[in-house]
Amino acid sequence: MKIAVVGAGYVGLVTSTCFASLGNSVTCVDIDEKKIAALKKGKMPIYEPGLEELVRQNLKKKNLSFTTNLKTAVHQSDVIFIAVGTPPKPNGEADLSFVENVARTIAREMTSYKLIVEKSTVPVQTGSWIRDTVMRYCKKNVAFDVASNPEFLREGTAVKDFMNPDRVVLGVDSKRAEKLLTELYKPLKATLVFTDIKSAEIIKHASNSFLAMKISFINAISRICELAKADVEQVATGMGLDRRIGRNFLDAGLGFGGFCFPKDLAAFIRISEKLGYDFELLKAVEKINEDQKKYFVKKIEHALWNVNSKTIAILGLAFKPNTDDMRFAPSLDIIADLQAMGAKIRAYDPHASANAKKTLTKVTFCKDAYEACKGSDCVVILTEWDEFKEINLVKVKKLLAQPVVIDGRNIYDPEEMQKLGFRYFSIGRPTKEKR
Ligand code: UDX
């Protein structure tokens with residue numbers, strides 16, 4: 001099929017590359033000239049395992065091309081995916097002006113049937129707005145359909161998630177759209193769930209909010225565990241074996257971040273409000289997440305007594321492992337709080353340091369974890385990269401000025417850490433402190 005994907009961000013880039021590898025002819029469009037010029041040479045704007053290789057393969061096969069020219073891409077394609085940004089406005093509502101602009105251009109340029117598919121995460125009823133906009137700006141009476149195909153890929157495993165989805169949600173209102181999308185997704189052999197467009201839009205927001213709710217739930221349980229001297233990991237295992245609950249997304253930690261959960265949660269709360277429903281449950285999910293970061297800073301303070309003038313080694317800056325994405329990363333809030341208390345920060349992240357440098361100031365960026373630990377008063381784990389799990393802890397202990405580890409991702413075994421002579425603090429697990 002001839003496909004255009006508008007937007008070369010996370011979702012757009014992965015979507016276009018994967019559709020190209022499935023044998024389609026894909027044009028990926030973005031207004032950012034620098035990004036497009038780099039992509040044409042196979043250079044990635046993001047770190048995502050497996051993506052660069054796939055882009056290069058498909059550029060070579062000529063299944064994939066990059067352009068800034070949306071008009072030509074519209075003429076050349078039968079199916080157009082809108083994957084442009086829907087950033088949050090100050091009140092949390094999604095800014096849909098980029099989506100509207102794309103819809104307008106498609107309308108003005110189309111001269112034959114187009115299937116216009118929303119791929120970006122958008123509030124319910126956006127499909128209707130797109131339809132109205134296209135009808136208003138379309139010069140001739142050209143047939144078109146609108147569909148909603150929300151994306152569920154996770155950063156760090158995006159290609160794998162796209163190619164092996166649990167389900168593909170397709171909101172359609174015509175047989176023609178259903179047929180085209182069935183054919184497009186056929187090679188994935190995935191479960192296709194056809195719904196109406198509004199339900200598909202809600203499925204995306206509801207799914208992300210539900211997952212965020214699971215994380216805030218287990219984080220709240222971790223607080224109870226600490227107060228009762230129980231172990232949140234044992235609780236999560238016991239709960240997770242119930243198939244109605246499931247063990248995924250029950251890892252207690254220092255709160256969720258990234259460009260999806262915080263933004264989508266806020267947008268869903270706002271759209272519910274607009275529709276006339278006060279989604280108090282989701283407001284609590286947001287609050288627990290904010291509190292968890294503050295509580296983690298308190299934990300560091302408790303471990304150090306006075307934070308002022310102490311040197312803190314931070315391992316991990318990205319909001320999760322296997323990405324260089326720093327957007328809404330909990331590390332940003334935590335480091336800001338520690339700096340406000342007078343701490344000196346030495347930080348290391350395997351891939352996110354370059355992006356972190358754009359936002360963080362007065363931080364010493366180190367070339368590896370050991371360099372960050374050298375002479376520090378404690379080490380704080382903020383992202384569960386594999387290399388931190390496999391670190392030489394004996395060496396870490398020797399390098400630190402004080403053998404104190406505060407682990408926001410529960411990557412080490414408390415008993416082992418105690419045996420090694422660390423004062424070890426983690427999330428929702430009993431700490432045996434010698435006094
Ligand atoms: C998420 C959704 O999972 C994906 O379906 C959607 O398309 C985009 O948003 P992503 O933001 O890439 O994906 O990361 P995800 O793996 O879901 O993690 C989000 C945040 O939750 C991270 O900060 C992670 O550390 C945190 N998290 C996740 C936990 O704290 N505990 C868990 O058990 C799982």
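Reply: In this predicted model, the side chain of Gln 292 reaches the backbone oxygen of Gly 253 at a distance of 2.8 Å.

Me: And where is Gln 292 in the secondary structure?

Reply: Gln 292 belongs to helix H12, which covers residues 280-304.

Me: Is Gln 292 buried or exposed?

Reply: Gln 292 counts as buried, because its relative accessibility is 2% and the cut-off for buried is under 20%.

Me: What does Gln 292 touch, leaving out residues up to four places away?

Reply: With those set aside, Gln 292 touches Asn 219, Ser 222 and Arg 223, then Gly 253, Leu 254 and Gly 255, and also Ile 427.

Me: OK, another one. Where does Thr 383 sit?

Reply: Thr 383 is placed in the loop that runs between strand E12 (378-381) and helix H16 (386-389).

Me: Buried or exposed, that Thr 383?

Reply: Thr 383 counts as buried, since its relative accessibility comes to 0%.

Me: Which backbone oxygen does the side chain of Thr 383 reach?

Reply: The Thr 383 side chain reaches the backbone oxygen of Ala 318, at 2.8 Å. Beyond the neighbours within four places in sequence, the contacts of Thr 383 include Leu 315, Gly 316, Leu 317 and Ala 318, together with Lys 320 and Pro 321, and Asp 349, Phe 388 and Arg 409 are among them as well.

Me: Let me zoom out. How many helices and strands are there in the protein?

Reply: The secondary structure comes to 18 helices and 14 strands. The radius of gyration is 24 Å, close to the 22 Å that the globule rule gives for 435 residues, so the protein is as compact as a globular protein of that length. Along the principal axes, the C-alpha atoms fill a box of roughly 80 × 45 × 40 Å.

Me: How much of the protein counts as buried?

Reply: Of the 435 residues, 52% count as buried, while the accessible surface comes to about 20,500 Å², with 53% of that area belonging to carbon and sulfur atoms.

Me: What about contacts between residues at least 24 apart in sequence?

Reply: If you take the contacts between residues at least 6 apart in sequence, 72% of them join residues at least 24 apart.

Me: And the charges, how many positive and negative side chains?

Reply: There are 66 positive and 53 negative side chains, and the centres of these two sets lie 3 Å apart.

Me: Which side chain does Asp 95 make a polar contact with?

Reply: The Asp 95 side chain makes a polar contact with the side chain of Ser 97, at 2.7 Å. Not counting residues up to four places away in sequence, Asp 95 touches Gly 85, Thr 86, Pro 87 and Lys 89.

Me: Last one, Leu 400. Where is it found?

Reply: Leu 400 is found in the loop between helix H17 (393-399) and strand E13 (404-407), and at 7% relative accessibility it counts as buried. Its C-alpha atom is separated by 5.4 Å from that of Lys 374, although the two residues are 26 apart along the chain. Apart from neighbours within four places in sequence, Leu 400 is in contact with Cys 373, Gly 375, Ser 376, Cys 378, Val 379 and Phe 422.

Definitions and conventions: Residues are numbered from 1 along each chain as its sequence is written. This is a predicted model: local features need pLDDT of at least 70, side-chain atom pairs count only at pLDDT 80 or more; totals for chains, interfaces and linings use all residues. Side-chain values use heavy atoms; hydrogens and water are left out. Helices (H or I, at least four residues) and strands (E, at least two) are DSSP runs, numbered from the N terminus. Buried means under 20% relative accessible area, exposed over 50%, partly exposed in between (1.4 Å probe, protein chains only). A polar contact is a pair of N or O atoms within 3.5 Å; within protein, one must be able to donate a hydrogen and the other to accept it, and residues adjacent in sequence count only if both atoms are side-chain atoms. Contact means heavy atoms within 4.5 Å. The radius of gyration is taken over C-alpha atoms; the globule rule is 2.2 Å times the number of residues to the power 0.38. Accessible areas come from the Shrake-Rupley method with a 1.4 Å probe; for residues, only the protein chains shown count as cover. Lys and Arg count as positive and Asp and Glu as negative; His and the chain ends are not counted. The place of a charge is taken as NZ of Lys, CZ of Arg, CG of Asp or CD of Glu.
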